[in-house]
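This report describes how two chains are arranged and how they meet. The sequence and the structure come first, and the description follows.

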Number of protein chains: 2
Amino acid sequence: MELLEEKILKDGVIKSGNVLKVDSFLNHQIDVPFIAELGKEFKRQFADRPINKILTIEASGIGIASIAAMFFEVPVVFAKKSSGSNMDKDVYFTQIYSSTHSKNNDVVVSKKYLNKNDHVLIIDDFLANGCALEGLMDIVRQAGGIVEGIGVAIEKGFQGGGDKLRQMGVNLHSLAIIDKMDAVSGTIQFRKEN
Amino acid sequence: MELLEEKILKDGVIKSGNVLKVDSFLNHQIDVPFIAELGKEFKRQFADRPINKILTIEASGIGIASIAAMFFEVPVVFAKKSSGSNMDKDVYFTQIYSSTHSKNNDVVVSKKYLNKNDHVLIIDDFLANGCALEGLMDIVRQAGGIVEGIGVAIEKGFQGGGDKLRQMGVNLHSLAIIDKMDAVSGTIQFRKEN
């Protein structure tokens, strides 16, 4: 998606360790009018799927998922990273490795909000090694629901998680795929769309 | 707001310890088409204010703030609860006591995304003792910005945080104020609107 690629080139900052900071518009400050354009694009790409629910994970997935859900007119469920004292005990549970924080997070979704009748679109802001998305897919599998697709804003193609999911047959759309980026020169190479 | 009061009566669950669970539509599953109605109401209530940014706090504030921001056509900034390894070091910092988890959370906002030119609407899902909102106001104060108002979905009026803010002259609008609730009988008494 050209609009997103331009935004990344304009406002993204490459840091060492393959970190791309896009917190000016995606995951600390949320440029809502801009993210709405991404939401519309998800709706266009998954228009043929009978989606009745969007699943994401706290915290940075919630904004883009909620905005996208405005165009799908469906509820969002966000997976929670630890079982708070107010949390139901009757949950689907999985573990997701966070490379940002170098630890496994316990992730839960209440059984009340996901079941075998659900046709789920999973949305997240980033895709790198794919651990978060595999965890969310595992939760939909436990619920007996159907993953109709996965929509991601920015995929770090060079980390391989996206291609692994595609090889599994997952209906994955990433709005921008970075095949190469270099912190020293500040250059980013996007994958050409088919 | 009658629509919200009816939803709370229909879908809210009162638990002991003054806990109101509304995770079927507000803070685990987000009923996006419904929350959009709350967003429109915030826009109506703060229409006379020159708001250019919405500030909230992760995680459960992000959904309602992002959806409301669609009607204000402004960006959202969400305060983060701990300084992750990808986080800027140049931040506004405050501490917020969480009664849910009985601990102080370190809360930060990057200085890049809030400054003295900002006219801020603070939005959150819940208001109880007011600690979270006071922390967010402190961050806006550090930035030299102006708090144009605070919009809250559900205020637990009996915990006093909202009235304390009103006495301070804060332009606070809560869409539903609960003056009394009882876990045994399952009854909820809302404050009458003026």
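## Basis and confidence

Residues are numbered from 1 along each chain as its sequence is written, while chains are lettered from A and ligands numbered from 1 in the order in which they are written. Because the model is predicted, local features need pLDDT of at least 70 and side-chain atom pairs count only at pLDDT 80 or more, whereas totals for chains, interfaces and linings use all residues.

For the complex, the predictor gives an ipTM of 0.95 and a pTM of 0.96.

## The fold of chain A

Chain A contains five helices and 11 strands, these being DSSP runs numbered from the N terminus (helices H or I, at least four residues; strands E, at least two). Its C-alpha trace spans about 50 × 35 × 35 Å along the principal axes. The radius of gyration of chain A is 16 Å, which agrees with the value near 16 Å that a compact globule of 194 residues would have; the radius is taken over C-alpha atoms, and the globule rule is 2.2 Å times the number of residues to the power 0.38.

Buried residues, those with 20 or more other C-beta atoms within 10 Å of their own, C-beta atoms being placed from the backbone, make up 47% of the 194 residues in chain A. Of the contacts in chain A between residues at least 6 apart in sequence, 60% join residues at least 24 apart, a contact requiring C-beta atoms, placed from the backbone, to lie within 7 Å.

## The interface

The contact between the chains takes 34 residues from chain B and 34 residues from chain A. On the side of chain B that touches chain A, H3(B) gives the most, with six residues. Since 100% of the interface residues of chain B are also interface residues in chain A, the copies meet through the same surface.

Strand S3 (residues 29-30) of chain A runs antiparallel to S5(B), and two bridges join them, the pairing criterion being at least two DSSP bridges between the strands. Within this pairing, Ile30(A) stands opposite Val76(B) in S5(B).

Technical notes: A residue is buried if 20 or more other C-beta atoms lie within 10 Å of its own, exposed if 12 or fewer, and partly exposed in between; C-beta atoms are placed from the backbone. Two residues are in contact if their C-beta atoms, placed from the backbone, lie within 7 Å.
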